[in-house]
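Student: Could you take me through a close look at the salt bridges here, and then at what sits in the nonpolar core? I'd like the cut-offs spelled out as you go.

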Amino acid sequence: MTGNEIRESFLKFFESKGHKRLPSASLIPLNDPSILWTAAGMVPFKPFFTGAAKPEFNRVTTCQKCIRTPDIESVGRTARHHTFFEMLGNFSFGDYFKESAIPWAWEYVTEHLKLPADKLWVTIYLDDDEAYEIWHNVVKVPAERIVRMGKDTNFWEIGVGPCGPCSEIYVDLGAERGCGSPDCKVGCDCDRYLEIWNLVFIQFFKDEQGNYTPLEQKGIDTGFGLERVASVMQGVSSNFDTDLLREIMDFTAGLFGLVYGREEKVDVALKVIADHSRAITFAITDGALPSNEGRGYVIRRLLRRAVRFGRLLGIQELFLDKVAGAVIRQMGHTYPELVERRDHVLRVIRSEEERFGETLSQGTEMLNRIIMDTKKAGSLTIPGVDAFRLYDTYGFPLELTQEMASEQGLSVDVDAFKEAMEDQRKRARSARQEVEYISERDALFREIREAKGETTFVGYDSLEANAIVLGLFQNGKKVESAAAGAEVELVLDVTPFYAESGGQVSDRGQITGPGLSIEIEEVFKPVENLFVHRGKVVKGVVKEYEPVLAQVDRRRRLATCRNHSATHLLHRALKEVLGDHVNQAGSLVEPERLRFDFTHYAAVTQDELKKIENTVNRAVMANLTVDVLETSLAEARSMGAAALFGEKYGERVRVVKMGDFSLELCGGTHLRSTSEIGLLKLTGESSVGAGLRRVEAVTGEGALSYIEAREEQLAGIARLVKAAPHEIMQRVESLLKSIKDLEAESEALQARLARYQVNDLLDRVKTVRGVKVLAGRTVAPDMDSLRGMVDLLRDKIGSGVIVLGSGNAAGEKVNLVAAVTRDLLNKGLHAGKLVKELAAVVGGGGGGRPDLAQAGGKDLSRLDEALEQALGVVESQLK
């Protein structure tokens, strides 16, 4: 079976068991800052297992694209390590449990994949007798093939939160794939017993104290590694030999006339390039971009590592975008987003590879210096710490350093390199904090929702609502009441307050009651459909279960709505002016301003910005009606509604339509007509990463304030240049021309003065052992002028040494220039060494070529002293 056939077979099997097939979620986890990547099939469903959200479907099956990077250095050297892989899985949220999950897993592997039952082994958690009974008595797996294992391998938990025992299915690949040890068995580190399926039984909740409480609603989370299963079904010894990766490797080999399978060095490089190309292609497709931090750093590291291994194969030209194209051709049918964003992905990869080429050149220069220093020290071994610095700073793989060193007859201290690598890993581990699956505080909010119900949001249609206080928190603890001065968090049964989401900040306002006033500063949703209002009790006492009136700050909400509706118009305008490759990559909507990040490959020109601004304002003046409708996700997509890539949407979605100009999925608050925006003014454009631009803007009152500030600036400039505002351009142009004429006149006078000074300086020439030496102080506003005078003197003197010194225009620093005519270089004279020695006298430093050099200093009072030493230094240099 091909990889595609296995994927489809698995998903169809679980569809037949009543599961809803869902597409893979983005590699960038949604609303989960605790992790960089989606690294398992369950990650998108984490809120369902924690109880933070309710699933639309109780049975789900997916093929999830995943990235894991803890063992990057192992990729290409083992049969199973990958940074990118596909994880098939079936999930139950309070529906079926072990009684169904175990038999279905056995049915699929034995009846659909037709793996021999006598080659299969099963592991269970030590005391999971329930699983044992099902495997042995229902599925009929022999007792001797059911292995009980400990908590380190067969119990799944991440800090506080849902957890439970695991059961795994292993395939015995034969003694010839084993380690040869008589103790070789399931769990051995060799390749004989291959785990293909992990069934996790979510049945406990672990609290802060480490206690395990049985869950009322149990869950199933399984992971079935596609690449691993493909290796078994295709009878190959490595995941890289499956059709999922081999096609990419063969394509890469064909690019450069190489053949896979003949030389280990070539094979390792081809494996690394194939694996990393899949990771970066999918990650960039999902919105990640190379950078120096977070997931952007991971992408940059993987891309550069792939390029470095290309260098090991002798590949000097750009190639990674071609390999990414092969990835897209192979996997685009299953993941259509690859095809949709192809041009963007290839452009980002090519740009980053070009940039890395420059860095690699710098690393090569550093390695050459290290080789020279090693030879000078009489050693034949490059220190491991130097090799590691090359790796860490410039991305040089150890193998590349070893290869270049061996060409010079040197080796590398590999043990010291590994020690430095391990030290770095230890530092990283010590800096890493454990991230809890669900905090105790969020667990409290979840309990409130389960016990007292959800918050009904009425803020789309009303800015005030009568409500009941369902829960009250102070300092992270649940309380029954709170008095004036207290910082509190309230949960209401009904609210008009918008909670921060989708880039839009939350509302502010007041919650009042008889003798009570609370200023609300922030609103958020820690769990689905539960609104928490954070604020300060200004007057009175707030109590649980009391009725209150919740009121949103109307002016602030209206300003926010202006900016949010303008953001939709701006998105459309960017596509119209710059092209359809533009996609939203993030946004911030506040009352005072809006910020919009988007994919684009060059700075937006002033002409383009003007067109974008005009396009938005024409839509504003068109008084387009803003319509909001709820529909199915499928219907919204068929209407052509734009969606934020990587965002998770339910089956029912909210669509915001602005005439025939804009159509987007959006849960934010909006105006009723585009004319209410008033005016949009773009205030800035900048880069925020490779292939990523940002524009900022203001609307409504913010736009008026911006224009007023600009008008005040214009009036101030008009007063300064003594012209009417409408005549400023002509006046400034006239002033600039006058300045240019004056500068030209000044330069002419400076040149004339320099000639006079040159003639004066020529009278100071002295002779040292037959060599003419001119050392003198002069007046020159800057280093360029001083060098110009040296050039004039060199032409006049014919043969000799010239040293000139001056204070800069501000009179704060010393400039020194030294020159030696070429006919004297073989006598041992060196301008760089000469000027460096003199600069030390004036508290500075510098240097340069043997024939011309410059330096600076801080102590102008010692300049004459330094120049007087010039004759002695010249004499000491003469051979």
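**Charged pairs and the core**

Tutor: Let's start with R301 and E73, whose side chains meet in a salt bridge at 3.3 Å, N to O (a salt bridge being a side-chain nitrogen of Lys or Arg within 4 Å of a carboxyl oxygen of Asp or Glu). This one ties together distant parts of the chain: R301 is in helix α9 (residues 294-312), while E73 is in the loop between β2 (59-67) and β3 (84-93), 228 residues apart. Helices (H or I, at least four residues) and strands (E, at least two) are DSSP runs, numbered from the N terminus.

Before going on, the ground rules: this is a predicted model, where local features need pLDDT of at least 70 and side-chain atom pairs count only at pLDDT 80 or more, while totals for chains, interfaces and linings use all residues. Residues are numbered from 1 along each chain as its sequence is written, and side-chain values use heavy atoms, with hydrogens and water left out.

How open is that pair? R301 has a relative accessible area of 29% and is partly exposed, and E73, at 24%, is partly exposed too. The scale runs like this: buried is under 20% relative accessible area, exposed is over 50%, and partly exposed is in between (1.4 Å probe, protein chains only).

E354 and R350 form a salt bridge at 4.0 Å, N to O; both lie in helix α12 (residues 342-376), four residues apart, about one turn of the helix. E354 is partly exposed at 42%, and R350 is partly exposed at 35%.

E613 and K610 form a salt bridge as well, at 3.6 Å, N to O. They are three residues apart in helix α18 (residues 606-621), so about one helical turn separates them. Elsewhere, salt bridges with shared partners join E8, E15 and R21 into one network. The total is 48 salt bridges.

Now the nonpolar side. A nonpolar core is a set of buried Ala, Val, Leu, Ile, Met, Phe, Trp, Tyr and Cys residues joined through side-chain atoms within 4.5 Å. The largest has 116 residues, and Y108, V109, W135, I196, W197, F224 and L320 touch the most other members. Helix α8 (residues 264-285) supplies the largest share, 12 residues. Setting aside neighbours within four places in sequence, V109 is in contact (heavy atoms within 4.5 Å) with K114, L115, L120, I196, W197 and F224. Another core, of 29 residues, lies apart from the largest one, with L574, L578, V626 and V656 among its members.
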